[in-house]
Amino acid sequence: MQLTEMFYDQIVDAANRRVPFIIPIGTLEYHAHHLSCGTDTLVVTGCLRELEKEREIVICPPIWYGVASYAVCDARPGHVHVDEDAYTAYLYAIVKSMVAGGIRNLYLIPHHQTEEQALMPMTIACHKAAKKVTMEYMEETYGKGWWGSDAYANYYEALGSNDDPFSYVKVLPLISAEAQHRCGGFDHAGKWETSLMLGTWPELVDLTRCGQNREWFSQSAVEATPALGQHMLACTLDWLRSAIV
């Protein structure tokens, strides 16, 4: 289900049943000449589109602009970098509003800067926003000293359960480290990411443009195939099935 297409009663029902609400966390970033600048967002929405076919989830509108950084290129059209602090504040406002509205099973799923599930500026921003919202929610709900009070003596017993407020908002990479290994590799605008785009949004891949690529990271893109893209999609879906509950 797409959040933007749902009626209010449907949203309330999904929230009450703790259906997973998922926000695709994206970026607009230079991806050489053969891929669209929205690749990092599109691979998330493409994988979730396939997951939606087999289980009930609520897909929220993607956050297209993100912490692209200027590591891969200098300033240029189509490459948009949002400062980490500003981005964290923006995410915080969104997550806080959703938790305050009664959503208790929210997922933030980035793809950008998630090699080996590393904590990079993009993913750190997501975690900071999620934890800040949770800590403030607990203080506003139970008062200062909530963790040390007798009213919260079941803290450890509830960890990881539906009753654990620290499970209300989760940050997951689109592809876990283990799934990346199963895929065979992970890269930026090279063989692996290009293949994943072929498996999700093939109309936004143009391998005939690879001859214009000059950067080292894009040289392997000529080896990308739809078959590899389907394999990567399958590995990603296996991970998402187990991680989104």
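Let me start with a definition: a residue is buried under 20% relative accessible area, exposed over 50%, and partly exposed in between, using a 1.4 Å probe and protein chains only.

Now some ground rules. This is a predicted model, where local features need pLDDT of at least 70, side-chain atom pairs count only at pLDDT 80 or more, and totals for chains, interfaces and linings use all residues. Residues are numbered from 1 along each chain as its sequence is written, and side-chain values use heavy atoms, leaving out hydrogens and water.

On to charges. Side chains of opposite charge can pair when their charged atoms come close. Here a salt bridge means a side-chain nitrogen of Lys or Arg within 4 Å of a carboxyl oxygen of Asp or Glu. How many salt bridges does the structure hold? It holds 12.

Back to K96. Which residues does K96 pair with? One of them is E136, with the closest N and O atoms 3.6 Å apart. E136 sits in helix α4 (residues 121-142) and K96 in helix α3 (residues 84-100), so this pair ties together parts 40 residues apart in sequence. A word on names: helices (H or I, at least four residues) and strands (E, at least two) are DSSP runs, numbered from the N terminus. E136 has a relative accessible area of 24%, so it is partly exposed.

K96 also meets E140 in a salt bridge, at 4.0 Å from N to O. Again helix α3 is linked to helix α4, and the two residues are 44 apart. E140 is exposed, at 57% relative accessibility.

Next pair: E54 and R241. Their side chains form a salt bridge, 2.4 Å from N to O. Where do they lie? E54 is in the loop between α2 (39-52) and β2 (58-59), while R241 is in helix α8 (residues 226-243), 187 residues apart. E54 is partly exposed at 46%. R241 is partly exposed too, at 33%. Salt bridges with shared partners join E54, R182, D238 and R241 into one network.

Last stop: a nonpolar patch. Patches take residues with over 30% relative accessible area and no salt bridge, joining like charges within 9 Å and nonpolar side chains (Val, Leu, Ile, Met, Phe, Trp, Tyr) within 5 Å. Which residues form this one? W147, Y156 and L159 do, with about 360 Å² of accessible area together. Such areas come from the Shrake-Rupley method with a 1.4 Å probe; for residues, only the protein chains shown count as cover. W147 is in the loop between α4 and α5 (155-158), and is partly exposed at 44%.
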